Amino acid sequence: MLDIVREYWLLFLVGNYPNGPLGGLALTLILSVLGICLAFPLSVVLALMRTSPWALLRAPALALIYVVRGLPLIMFIFWTYFAIPALLGHTVSGFVTMLCALVIYESAYLAEVIRAGIEALPKGQVEAARAIGLSHMQTQRLIVLPQALYNMLPSMLSQFISTIKETSLGYVISVQELTFAAGQVNNMLLTQPFEVYALLALTYFALCFALTSVVRWIERRIQRGRRSMPAAAASPAASAEGAIA
């Protein structure tokens, strides 16, 4: 296994770059970061629709979230792979296809994470905000969302870790991410598939374990912040009152 690392570490890291397209671990991380970042604003909108008092907004958000969460990611990859060229009239790269599928898929999961953060807040904060004259959207923007996003930050980062593993499905449409790079190495060696894919598994494990440790550290920081500010529950409404004064 050490011989494989010494010989092919660059292929695992950046794929065929600079003599070809960027790939390997670098492309995996780029796909994951872009997927989560682009899915985040859509997930916020879906979460707000999901918790809206108006059924006209709740119903489509609920339907979209349930459909997306009820189907495997690979289905969205295949649908996107065939749908985007049909809509645009020309083919697109596997990277764009995978990114679009990730954005759709992750937005539904992040929306449920944010919704849980919104519904976990004390109802008294919303009532206090409405009592000082804030509209529904002002209450969500100034009171609810800042707290919900802060409280659910560890869960959102955990979803990012899941996204890193989900990018491996890009292999089926020839996206040259980490799993694709491992397949290239295996095709060149032919006789060491166990070592190659064990190395791939170790790479995913090391990366996800390191990020999980970061998530745990952030979660502890948030919990310490809550304990050190026992009166914080009243401060958001007060701050909002000052903002609109």
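1. The side chains of Arg-115 and Glu-119 meet in a salt bridge, with 2.7 Å from N to O. Both residues lie in helix H5, four residues apart, about one turn of the helix. The model is a predicted one. Glu-119 counts as partly exposed because its relative accessibility is 42%, whereas Arg-115, at 17% relative accessibility, counts as buried.

2. Arg-115 also forms a salt bridge with Glu-112, and here the closest N and O atoms are 3.1 Å apart. This pair, too, lies in helix H5, with a spacing of three residues, about one turn of the helix. Glu-112 has a relative accessibility of 12% and therefore counts as buried.

3. A further salt bridge brings together the side chains of Glu-112 and Arg-50, at 3.2 Å from N to O. Glu-112 belongs to helix H5 (residues 94–120) and Arg-50 to helix H2 (residues 24–50), so the pair ties together parts that are 62 residues apart in sequence. Both Glu-112 and Arg-50 are buried.

4. Taken together, Arg-50, Glu-112, Arg-115 and Glu-119 are linked in a network of salt bridges. The count of salt bridges in the model comes to three.

5. Glu-166 deserves a separate comment. This residue is found in helix H8 (residues 153–166). Glu-166 is buried yet has no salt bridge. The nearest side chain of opposite charge is that of Lys-165, 8.0 Å away; the cut-off for a salt bridge is 4 Å between a side-chain nitrogen of Lys or Arg and a carboxyl oxygen of Asp or Glu. Leaving aside residues up to four places away in sequence, Glu-166 touches Leu-73, Met-98, Leu-102, Tyr-105, Glu-106 and Gln-159.

6. On the surface, a patch of positive charge gathers Arg-216, Arg-220, Arg-221, Arg-224 and Arg-227. One of these residues, Arg-221, is found in helix H10 (residues 193–228). Arg-221 counts as partly exposed because its relative accessibility is 44%.

7. A nonpolar patch on the surface is formed by Met-1, Val-5, Trp-9, Leu-10, Leu-13 and Leu-202, which together have about 520 Å² of accessible area. Helix H1 (residues 2–14) contributes the largest share of this patch, four residues. Trp-9 is found in helix H1, and with a relative accessible area of 48% Trp-9 is partly exposed.

8. As to the overall architecture, the protein chain has 11 helices and zero strands. Along the principal axes, the C-alpha trace of the chain spans about 70 × 45 × 30 Å. Among contacts between residues at least 6 apart in sequence, 72% join residues at least 24 apart.

9. Buried residues account for 40% of the 245 residues in the protein chain. The accessible surface of the chain comes to about 13200 Å², and 68% of that area belongs to carbon and sulfur atoms.

Key: Residues are numbered from 1 along each chain as its sequence is written. This is a predicted model: local features need pLDDT of at least 70, side-chain atom pairs count only at pLDDT 80 or more; totals for chains, interfaces and linings use all residues. Side-chain values use heavy atoms; hydrogens and water are left out. Patches are made of residues with over 30% relative accessible area and no salt bridge: like charges are joined within 9 Å, nonpolar side chains (Val, Leu, Ile, Met, Phe, Trp, Tyr) within 5 Å. Accessible areas come from the Shrake-Rupley method with a 1.4 Å probe; for residues, only the protein chains shown count as cover. Lys and Arg count as positive and Asp and Glu as negative; His and the chain ends are not counted. The place of a charge is taken as NZ of Lys, CZ of Arg, CG of Asp or CD of Glu. Helices (H or I, at least four residues) and strands (E, at least two) are DSSP runs, numbered from the N terminus. Buried means under 20% relative accessible area, exposed over 50%, partly exposed in between (1.4 Å probe, protein chains only). Contact means heavy atoms within 4.5 Å.
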